[in-house]
Amino acid sequence: MNRIRKIGEFWLFHTIQGALGLLLVLLALIVAVFGRFAASEESSVTHLGAILQAPSTAHPFGTDDVGRDLLSRVIDGAGYTIPAAIAVVAASVIIGSVVGVVAGYYGGWVNETLMRITDIFLSYPSMLLAIAVAASLGSGLKQTAIALIVVVWAAYARLAQVQTSAVRHRLFMDASEMASSSVTTRLFRHVLPNALPPVFVKATMDVAMCVEWIAALGFVGLGARPPAPEWGTMIAEAREYVLNAWWYVTFPSLALLFVVLGFNYLGGALDTHFFGTTRTLSRKSLRQLALVSDEAVAVSETIVEPVTADEELIP
Amino acid sequence: MLRFLTRRLLGTVAMLLGLLLGTFVLTRVLPADPARVAAGLRATPKQVAAVREQLGLDDPLWRQFFGYLHQMWVGDFGRSFVSQRPVTSDISQMFPATFELVAFSMVLMLLIGVPIGFYCALGRRQGAATILRGIAFSAMGVPAFVVALLAQVIFFGRLGWLPAGGRISGAPPTTITHLYTVDSLLTGNFSALGSALWHLVLPGFSLAIYRAGMVARFTESQVRKVMEADHIRTAKAKGLHGLGLVTRHVARGSAVPILTIAGLEFGWLLGGSVLVESIYSWPGMGNYILTSVASFDYNPVIMCVLVLGSAFAVINFVVDVIQALLDPRVVLR
């Protein structure tokens, strides 16, 4: 019985939120990876005789203004947006972690310089930054991805820096140094593993954010260009037809909504899984909270607190 | 305190300089040639070259940057090539519109988020609280522009209850502050006030819901924390309970952090307002940015980025100072 509960906990099934999140994310990933084999031929074929048809058995989601099958378009959109969002987050995690770990490990002026640069990126309304960068790079999925990396990486730098400077002076680090391990060993074997869970939680939620932003930039015409099967672009195209073809704007919106919710739920469940539900946020973290998102800071604090308690024991 | 103020002030100045450098870099990597855009579509190569000369685009970069700083210093932000007016006069009309929308949705955000947070932390029916918590958490993840779009489809398209966009129908009230609600209230023009509020409802809610979930979550965690404090235990031991306890001790203890967070949410709302403004054709800065970006009209883009970025920096600074005044420990950090 205990074992079953453990498996349930591992798979996050002990909360509705976790189960729903996992389900939606798995579904989205499966559609993103395998969807193209089922859909891509249909999605770009225009049937001018079948324009704006209501949902039917032949076209479960209906057709768009040039007669393309919307279900295929939405499925293709998953294969387009989700990998891009994951790539953006992965790149941001790598860049941010390197900057943050270096800053936290070396401290001093290195830390000051790197963190002040990070602060400039953090202290700017992120959507605005994304729009400004995307505007200057031009439209297209690649440009959108770069614009988002510019916006997202800084939060990971802050997170990694907090984590690293927290473990920097712990006993096991001194021991490792005494055993004359190299800097890379210390960073990769000791610092990084300690920093992973909060990064993992934040990354999951950031995938949701990036999916949303890719769609948002596509929607205002700064992201992917039609005829790319990108959800935001599709929603923008569908706006003209909201009054006589409700399905056109509805299904891409719902797909977007479910994917964003799925990753958010999963992130929330992971958060609870790693750090419990009883976390409260201290006033100290308020500033960072607004800048980095509450998960990241709350999480980093739970990591920091036991460390400071530890350090008090050492005279 | 003085040291803290100096440090924060320097930080703000550094951030503004970073912003200036950032906007400068942005204009130099634009896909369109600024001289070409400035000269207009039908300009001959010779005219373009003349404009390039005039704008100083052939000078070395460092010189261009200092020229640019100088321009900013004397308040010359250039013209919009589309509207053919100085950017500053365009912005002076747009900023109040954006400010009105963001301020309105901030009030809504607090009115929705704070009570939900209190209920989740203190409510008797924890089943209902769990559902509310789920809704609040979901709201945090729902894209604002999807909410805005669906709300427009439902409340304007299907039901026809609320206007599709714009700030007001009919003549705007006599201009005092450029905020239509305040102006109409000051001049006693109640039909204009009604219309202005009516137009604020949909965009305001679409923006507010986006962050109200976050406020609810934060309020709950704050209230829970305050409930564990010693003075609450004392108050309980003295026989205080229910509404008295909440209004006199809990609300007071958690008000400061919640208000602080609300101040910082301003930045999120500014960012989110760009899309919402475009959906509801709100004549504010978000809309201005997007139309300018589409026509490679870079002067307005720079100005908007600067104005919104500075607004955010100033709010951050003020929030910091208020926090330091209320909690001296912040200074020592």
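A polar contact here is a pair of N or O atoms within 3.5 Å, and within protein one atom must be able to donate a hydrogen and the other to accept it. With that in hand, keep in mind that you are looking at a predicted model. Across the interface of chain A and chain B, three residue pairs are in polar contact, both residues being at pLDDT 80 or more.

**Where the chains meet**

- The side of chain A that touches chain B draws two or more residues from each of these elements of chain A: α5 (126–137), α8 (183–219), α10 (246–275), α11 (286–292) and α12 (294–313).
- Of these, α10(A) gives the most, with ten residues.
- Sorted by class, this side of chain A has 30 nonpolar, ten polar and eight charged residues.
- In total, 48 residues of chain A are in contact with 55 residues of chain B.
- The area buried between the two chains is about 4,600 Å², and carbon and sulfur atoms give 71% of it.
- Salt bridges between chain A and chain B number zero.

**A look at chain B**

- Chain B has 14 helices and zero strands.
- Its C-alpha trace spans about 85 × 55 × 40 Å along the principal axes.

- Helix α9 of chain B covers residues 190–227, which makes 38 residues.
- Its end C-alpha atoms are only 44 Å apart, whereas a straight helix would reach 56 Å at 1.5 Å a residue.
- Look for a bend of about 40° in α9(B) at B:Val201, with a proline, B:Pro203, following within four residues.

Note on methods. Residues numbered from 1 in each chain as written. Chains lettered and ligands numbered in written order. Predicted model: local features only at pLDDT ≥ 70, side-chain atom pairs only at ≥ 80, totals over all residues. Heavy atoms only, no water. Contact = heavy atoms within 4.5 Å. Buried area = accessible area lost by both parts, 1.4 Å probe. Salt bridge = Lys/Arg side-chain N within 4 Å of Asp/Glu carboxyl O. Polar contact = N/O pair within 3.5 Å; in protein donor to acceptor, adjacent residues only side chain to side chain. Nonpolar A, V, L, I, M, F, W, Y, C, P; charged D, E, K, R; others polar. Expected span 1.5 Å × (residues − 1). Bend = angle between axes of the 7 residues up to and from the residue.
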